[in-house]
Amino acid sequence: MSAAPPLSERSRRVEVPIGGIRARAYTIPTDAPESDGTLRWSSTTLVTAWVQAGGQRGFGYTYADAAAAAVIGGVLAEAIDGLDALDIERAWEAMHVRVRNIGRDGIAACAISAVDVALWDLKAKLLDLPAARLIGRARDAVMAYGSGGFTSYDDARLASQLSGWATDGLRAVKMKVGRDTHADPRRVRVGRDAIGPDVELMVDANGAWSHADALAMAERFAPDRVIWLEEPVSSDDLSGLRLLRDRAPAGMAIAAGEYGYSPFGFRRLLDAGAVDVLQVDATRCGGYTGFLRAAVLADAAPVPISSHCAPALHLPVCLAAPRVRHMEYFHDHVRIEQLLLDGVSTPERGDLTCDLTRPGIGLELKETDAARFAI
């Protein structure tokens, strides 16, 4: 019998080399014009990534500009080609090193996020495990809150959407504000009347207000028991968020973090004491690996976290993070995921649970159905 190779040699051996990575972008029209406090849009772009190794194919995605697909197929493919598919941390670091000179945040971070999720999907499939079990669950289910209530909706559509979620068993809903300070108090009252007294009401201003307007609107929303005020000012305005956190009515949490692209961004929010709840988006912050790093920071703060958008993608990792408060069940993304993905879960009595019979993240793109939206 031949002797085993030295440990140093064995440690360099690539067990399951990555041998292929590809990306595709799809633009899907919204079901109606949508707007928030600062933007208007009529379509959403889904960018997908696939990574191959060991006879399996991992799938991940992000919501970003189609330029993210070029980053995936170019510099990121070069960065991880030949690496061991089981060594996700090594691949994550290699991708971040490679994008240094093209800009880490924004498009590059979204591209890395899609690839990282695909790597987790691939590793779980190679080990024949659901990703939720591979990561390690802290709970069996996560609360979902309905999110939409766009400023482009008239009162009737706003009430119909929010009341529909309440009827379906969701225990909290969120609506957009910030477009019109004169109309917003009335719209919030419409929302409260639609959901009744027992469902929690949340609002999101998308950074539209000045400090003075944000403080004034927080006071005007308090009688309707708004329990969550998201991005009342820009998420880059850490002192402004802290001001709102210190002076908002009792019981109204200040939330931000959806534009956190790295652990450093989340640390700045937490160190500034800027948020009562940290929002984390795995389609922007470096996938599941980045989400888990943010969760560690929040755990040490200690501050609860809430996932931002993309509910189907977030479910496995939200089951793992110990301080997850809830998940955003965002209208636009729910519609896309139900239309184009196999394996999407729907809330039961307001909670989302994983199908633990499916290996990986449990999602696959319906490529034939998606083809008509391909860019």
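Me: How many cavities of 30 Å³ or more does the count come to?
Reply: The count comes to one cavity of 30 Å³ or more. Please note that the model is predicted.

Me: What volume does the largest cavity have?
Reply: Its volume is about 170 Å³. The lining of the largest cavity consists of 23 residues, and those closest to the centre are Leu315, Gly343, Ser345, Cys354 and Ile361.

Me: And which helix gives the largest share of that lining?
Reply: That is α12, with four residues. At least two lining residues come from each of α5 (131–135), α12 (311–318) and α13 (331–340).

Me: How do the lining residues divide into nonpolar, polar and charged?
Reply: There are 15 nonpolar, five polar and three charged residues in the lining of the largest cavity.

Me: Changing topic: what is the strand order in the open sheet of three strands?
Reply: The order is β1-β2-β3, and the pairing is antiparallel. β1 (20–35) and β3 (56–63) each have a single partner strand, so one side of each has no neighbour in the sheet. On average, neighbouring strands are turned by 20° against each other, direction ignored.

Me: How many bridges join β1 to β2?
Reply: 12 bridges join β1 to β2 (residues 40–53). As one example, Ile21 has Val51 in β2 as its bridge partner.

Me: Which strands does helix α2 lie across?
Reply: Helix α2 (residues 67–80) lies across β1 and β2, at about 155° to β1. Helix α4 (residues 107–126) also packs on the sheet, where α4 touches β1, β2 and β3 and makes about 150° with the direction of β3.

Methods:
Residues numbered from 1 in each chain as written. Predicted model: local features only at pLDDT ≥ 70, side-chain atom pairs only at ≥ 80, totals over all residues. Heavy atoms only, no water. 1 Å grid on protein atoms, 1.4 Å probe; cavity = no way out; pocket = protein on both sides within 12 Å on 5 of 7 lines; lining within 4 Å. Points joined across faces, edges and corners; volume = space filled by probe spheres on them. Nonpolar A, V, L, I, M, F, W, Y, C, P; charged D, E, K, R; others polar. Pairing = 2+ DSSP bridges. Axes fitted to C-alpha atoms, helices over the stretch in contact; angles between N-to-C directions. Contact = heavy atoms within 4.5 Å.
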